[in-house]
Amino acid sequence: MTDLPTSTSMKMRFRQFVPIPDADIEFALEEAKLACGTAAAQSNSDWIDDQNLIMGIQYYAAHILQMTIQRSASGTGMIKASESTPELSVSWTTPPWPTADQITDFNQTMYGMRFKALVRKNFPAVLVVNSGVRF
Amino acid sequence: MNIITIPMLSPQNFPIPAGYSQLITFIVNPAITSSLFDTNIFWRVYSQWQGIPNRDEMIFEKSTLPSPPPDIVPIDSPTLSFTVQVHTADTVDLLGNYYHEASIQSAGLEIIGGSWGIMAVTATENRL
């Protein structure tokens, strides 16, 4: 089993997160490991292999960090929609609410979209054949 | 040796590379006490998850008590502070976030000050 991502490896892999404190990155990784599974739980996580699991954790954590950066830029929790200078005209947009088929905000960062693509590859829609169970 | 300086009485997060010998300095607010003479100082590290400490799982502790040999040194001048010596063995097997808390105990056994936060142990690969 290759080691799971750390704040050190995240800063090497995603250079734009270097200014973020290590503790904040580790918190994001804790959340990502909960969502994706860990080495101890991997036997039940069904990721294709260790590399896919690691990529999933990396992208999930990177998505959290990128969303934090985007939303903290406004001080309101919203995402900057446009900005012009020197007139200093800034407008903010409200993130879409989760829907039944889009339960999270993964589409708002490139890391989130990569995570979704990885999940689709690892967990394709299940084709159920002869699923009836009789007792 | 690298030196980390930690201000007092607010949540303090700091990183430390796994296995590094480092001297951590905590600055003490003079409003708490004018001198650390005749006080006991404790610094403990616990496991945590999402900022919630697990007090039942203390990873290691340091103190000014004479046994084992103290790794905490009180300093009254020029800046009221104390230092904590973290040894290689303390963090070499750690990785990720840990909750840390320092407490200053007066001669009357009252807790008169403290500091807390997250110690982020960052990954290192060399094991010498």
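This note goes through selected features of chains A and B in a predicted model.

1. Chain A, overall. Chain A holds five helices and two strands. Read from the N terminus, its elements follow the order α-α-α-α-β-β-α. The chain has 135 residues, and 38% of them are buried. Of the contacts in chain A between residues at least 6 apart in sequence, 59% join residues at least 24 apart.

2. Helix 4 of chain A, length. This helix covers residues 50-72.

3. Because 17 of its 23 residues are buried, helix 4 of chain A is largely enclosed by the rest of the structure. Its N-terminal end is capped by Asp49(A). In that cap, a side-chain oxygen of Asp49(A) lies 3.2 Å from the backbone nitrogen of Gln51(A).

4. Glu26(A). This residue belongs to helix 2 of chain A, residues 22-36. The relative accessible area of Glu26(A) is 4%, under the 20% cut-off, so the residue counts as buried. Its side chain reaches the backbone nitrogen of Ser7(A) at 3.1 Å. Leaving aside residues up to four places away in sequence, Glu26(A) touches Thr6(A) and Ser7(A) in chain A, and Gly96(B), Asn97(B) and Val121(B) in chain B. Between Glu26(A) and His63(A) there is a separation of 37 residues in sequence and, C-alpha to C-alpha, 13 Å in space.

5. The second largest pocket. Its space comes to about 240 Å³. The lining consists of 16 residues; those nearest the centre are Asp3(A), Thr6(A), Leu95(B), Ala123(B) and Glu125(B). Sorted by class, the lining has eight nonpolar, four polar and four charged residues.

6. His100(B). In chain B, His100(B) sits in strand 8, residues 96-105. With a relative accessible area of 0%, His100(B) is buried. The side chain of His100(B) reaches the backbone oxygen of Gln12(B) at 2.9 Å. Gln12(B) is also among the residues that His100(B) touches, residues up to four places away in sequence not being counted. Others in that set include Phe14(B), Phe26(B), Trp43(B), Arg44(B) and Val45(B). The set also includes Ser115(B), Trp116(B), Gly117(B), Ile118(B) and Met119(B).

Technical notes: Residues numbered from 1 in each chain as written. Chains lettered and ligands numbered in written order. Predicted model: local features only at pLDDT ≥ 70, side-chain atom pairs only at ≥ 80, totals over all residues. Heavy atoms only, no water. Helix = DSSP H or I, 4+ residues; strand = E, 2+ residues; numbered from the N terminus. Expected span 1.5 Å × (residues − 1). Buried < 20%, exposed > 50% of the residue type's maximum accessible area, 1.4 Å probe, protein only. Polar contact = N/O pair within 3.5 Å; in protein donor to acceptor, adjacent residues only side chain to side chain. 1 Å grid on protein atoms, 1.4 Å probe; cavity = no way out; pocket = protein on both sides within 12 Å on 5 of 7 lines; lining within 4 Å. Points joined across faces, edges and corners; volume = space filled by probe spheres on them. Nonpolar A, V, L, I, M, F, W, Y, C, P; charged D, E, K, R; others polar. Contact = heavy atoms within 4.5 Å.
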